[in-house]
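Let's take a friendly walk through a protein model. Have a look at the picture first, and then we will go through it step by step.

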Amino acid sequence: MTSLLKQSVVDALNGQVVEEFTASLQYTAIALYFDSETLPELSNFFHLQAQEEHEHAMKLLQYITEAGGQPIVPATKEVKNSFESAEEAVSLALSQEITVTNQINSLVALAVKENDYLTNQYLQWFVTEQLEEVSSMSDLLNIVTRAGNDLFRIEEYLIRNPHELAAGGGAE
Ligand code: FEO
């Protein structure tokens, strides 16, 4: 079909696909770290986050395809696989979410610059999603920091408040 997208926008969207797939694998690595520490609730939380990031990548690929661009399924960037502490792992997750938020903002800025209202509108879902993801990861980091060495308190918190930090919150 005729493409509705400028090549600069297609390239930027495909670039974001790399970030989302990398985020998915990074969360898988964090989930496995918590598995190895016998912290199943934290592990489950990050496995769910990993699934969400995979869905974000797929959403972008499907949009590029529907709009007539060439989707590219990429190799990902490096993933960190070893952590000294829960705090280090969750800090990495939060900084990843802040980076992704900035990347989504840059994508929106590009869409506006190119008068691409379709892409701008499509990206608004991601804008809202990032608010929830940064907020829930920031809450989790607070809880982990407060718990110190008593990580079972975090497990209890996640059991008692299953929706409080639900991955991605309500933005479906
Ligand atoms: Fe797809 Fe957590 O940003």
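This is a predicted model: local features need pLDDT of at least 70, side-chain atom pairs count only at pLDDT 80 or more; totals for chains, interfaces and linings use all residues.

Glu-114 is buried, because its relative accessible area of 18% is under 20%. Lys-6, at 42%, counts as partly exposed.

Why can such partners pair at all? Side chains of opposite charge can do so when their charged atoms come close.

The structure holds 3 salt bridges. Another one joins Lys-77 and Glu-19, at 2.6 Å from N to O. Lys-77 lies in the loop between α2 (40-66) and α3, and Glu-19 in helix α1, so this pair ties together parts that are 58 residues apart in sequence. Here Glu-19 is buried at 16% relative accessible area, whereas Lys-77 is partly exposed at 46%. Lys-80 and Glu-88 also form a salt bridge, at 3.4 Å; Lys-80 is partly exposed at 33%, and Glu-88 is partly exposed at 27%.

Now step back to the whole protein. It has 5 helices and 0 strands. Of its 172 residues, 45% are buried. Among contacts with a separation of 6 or more, 79% are between residues 24 or more positions apart. Along its principal axes, the C-alpha trace spans about 55 × 25 × 20 Å.

Terms used. Residues are numbered from 1 along each chain as its sequence is written. Side-chain values use heavy atoms; hydrogens and water are left out. Helices (H or I, at least four residues) and strands (E, at least two) are DSSP runs, numbered from the N terminus. Buried means under 20% relative accessible area, exposed over 50%, partly exposed in between (1.4 Å probe, protein chains only). Contact means heavy atoms within 4.5 Å. A salt bridge is a side-chain nitrogen of Lys or Arg within 4 Å of a carboxyl oxygen of Asp or Glu.
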